[in-house]
Amino acid sequence: KLSDQVWKTIDRLVFNIFFPALIFTGIIAHPIGLSEIMSIGGLVWGVMFGALCLAWPLKRYSTLSALDFAGIWQVSWRFNAGLAFVFAQALPPQAAVIMSIILGAGVPCGNFFAVCVLAKATGKAGLHMLRSIALNPFLLASAAGLCVNFSGVQLPEVPLKSIERLSDAAIPLALLSIGAALKWTAIFKLDKTTSLIHFIKLILLPLATYFMARFLSFDDTTVAVFIVFASLPTAAAAHTLAGQFGANHQLTAVMVAQSTTLACVTMPLWAMIVL
């Protein structure tokens with residue numbers, strides 16, 4: 001119990017403080033154009049909606065209830081933001097800025113889609129959850145960073161250094177959290193439905209993203225970051241949201257463990273292609 005409480009505390013700190021600080025400092029590091037933000041954000045939303053649509057037909061063949069399926073359905077489009085920044089460190093410096101924009105656009109969108117499908121399965125409006133999306137720390141950090149970037153305001157050195165020190169803690173803590181989520185035994189609980197969802201998330205989505213990014217004429221660095229983003233395992237907090245709506249959160253937790261573990265194989269392969 002103590003161990004679980006410690007990890008929950010670390011996850012809350014990473015989600016509410018350290019990663020928002022990392023997103024903020026990443027966005028203000030380099031000038032960003034509005035057209036760049038709209039094009040990157042548009043592809044992020046398109047990729048996530050595409051994953052949602054690809055996994056939707058599986059509902060027809062699943063033996064799960066509508067609510068329990070909604071709980072695992074979100075695995076197909078949500079992503080682990082912590083691992084996103086870990087991989088971005090292996091790419092050129094501009095990649096961190098692009099990843100910050102992707103996370104700022106993708107995290108609220110992923111949460112919104114998840115709330116919608118879970119709320120529809122329960123018949124509830126889920127307005128309180130939509131409010132929490134609007135107050136999402138990643139979204140707020142992205143908005144604040146963009147305001148500073150567009151305005152050209154120079155922040156005072158002391159608060160800026162403080163934010164940078166907070167952002168320095170994000171990657172090490174994210175690696176600890178990811179390591180805690182690894183469970184090799186979860187692989188043995190794969191079935192047809194869950195295997196197909198993981199195939200969509202870890203194989204089909206990066207492949208489709210590559211062709212979409214090339215079709216839209218993004219530069220090589222941006223394409224590489226998009227592939228890293230699309231190949232990420234699902235969000236570690238997916239089971240928490242499922243539980244809040246009354247879905248089988250233990251089943252979703254197994255899916256999170258499976259996605260994280262399988263990504264140990266698939267992400268290095270995509271990284272080799274990207275790099």
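Select Ser 217 to begin: this residue is exposed, because its relative accessible area is 64%, where exposed means over 50%, buried under 20% and partly exposed in between (1.4 Å probe, protein chains only). Ser 217 is placed in the loop between H11 and H12; helices are DSSP runs of H or I with at least four residues, strands are runs of E with at least two, and both are numbered from the N terminus. The phi of Ser 217 is near 65 degrees, a positive value in a residue other than glycine. Most residues other than glycine have a negative phi.

The model is predicted: local features need pLDDT of at least 70, side-chain atom pairs count only at pLDDT 80 or more, and totals for chains, interfaces and linings use all residues. Residues are numbered from 1 along each chain as its sequence is written, and side-chain values use heavy atoms, with hydrogens and water left out.

Next, select Asp 220 and Arg 214. Their side chains meet in a salt bridge (2.9 Å, N to O), a term that requires a side-chain nitrogen of Lys or Arg within 4 Å of a carboxyl oxygen of Asp or Glu. Asp 220 counts as exposed because its relative accessibility is 55%, whereas Arg 214 counts as partly exposed at 36%. The structure holds three salt bridges.

For the other pairs, move to helix H9 (residues 157-168). Glu 164 and Lys 161 form a salt bridge there (3.8 Å, N to O); being three residues apart in the helix, they are separated by about one helical turn. Glu 164 is partly exposed at 24% relative accessibility, and Lys 161 is partly exposed at 40%. Arg 165 and Asp 168 are joined by a salt bridge of 3.0 Å, N to O, and both lie in helix H9, three residues apart. Their relative accessible areas are 48% for Arg 165 and 45% for Asp 168, so each counts as partly exposed.

Now select Leu 13, Ile 17 and Leu 166, which form a nonpolar surface patch with about 210 Å² of accessible area together. Patches are made of residues with over 30% relative accessible area and no salt bridge; like charges are joined within 9 Å, and nonpolar side chains (Val, Leu, Ile, Met, Phe, Trp, Tyr) within 5 Å. Accessible areas come from the Shrake-Rupley method with a 1.4 Å probe, and for residues only the protein chains shown count as cover. Leu 13 belongs to helix H1 (residues 2-28) and is partly exposed at 34%.

Buried residues of H2 include Ile 37, Gly 41, Val 44 and Met 48. Among the elements covering the buried residues of H2 are H4, helix H6 (93-122) and helix H8 (137-151), contact being heavy atoms within 4.5 Å.

Finally, display the aromatic rings. Which residues form one aromatic cluster? They are Phe 49, Phe 69, Trp 73, Trp 77, Phe 112 and Phe 113. A search of the whole structure finds eight aromatic pairs; rings of Phe, Tyr and Trp (its six-membered ring) pair if their centres lie within 6.5 Å, with planes under 30 degrees apart stacked, over 60 edge-to-face and the rest tilted. Phe 69 and Trp 73 form a tilted pair, 5.7 Å centre to centre with 40 degrees between the planes, and both are buried. Trp 73 and Trp 77 form an edge-to-face pair at 6.0 Å and 75 degrees. Trp 77 counts as buried at 1% relative accessibility.
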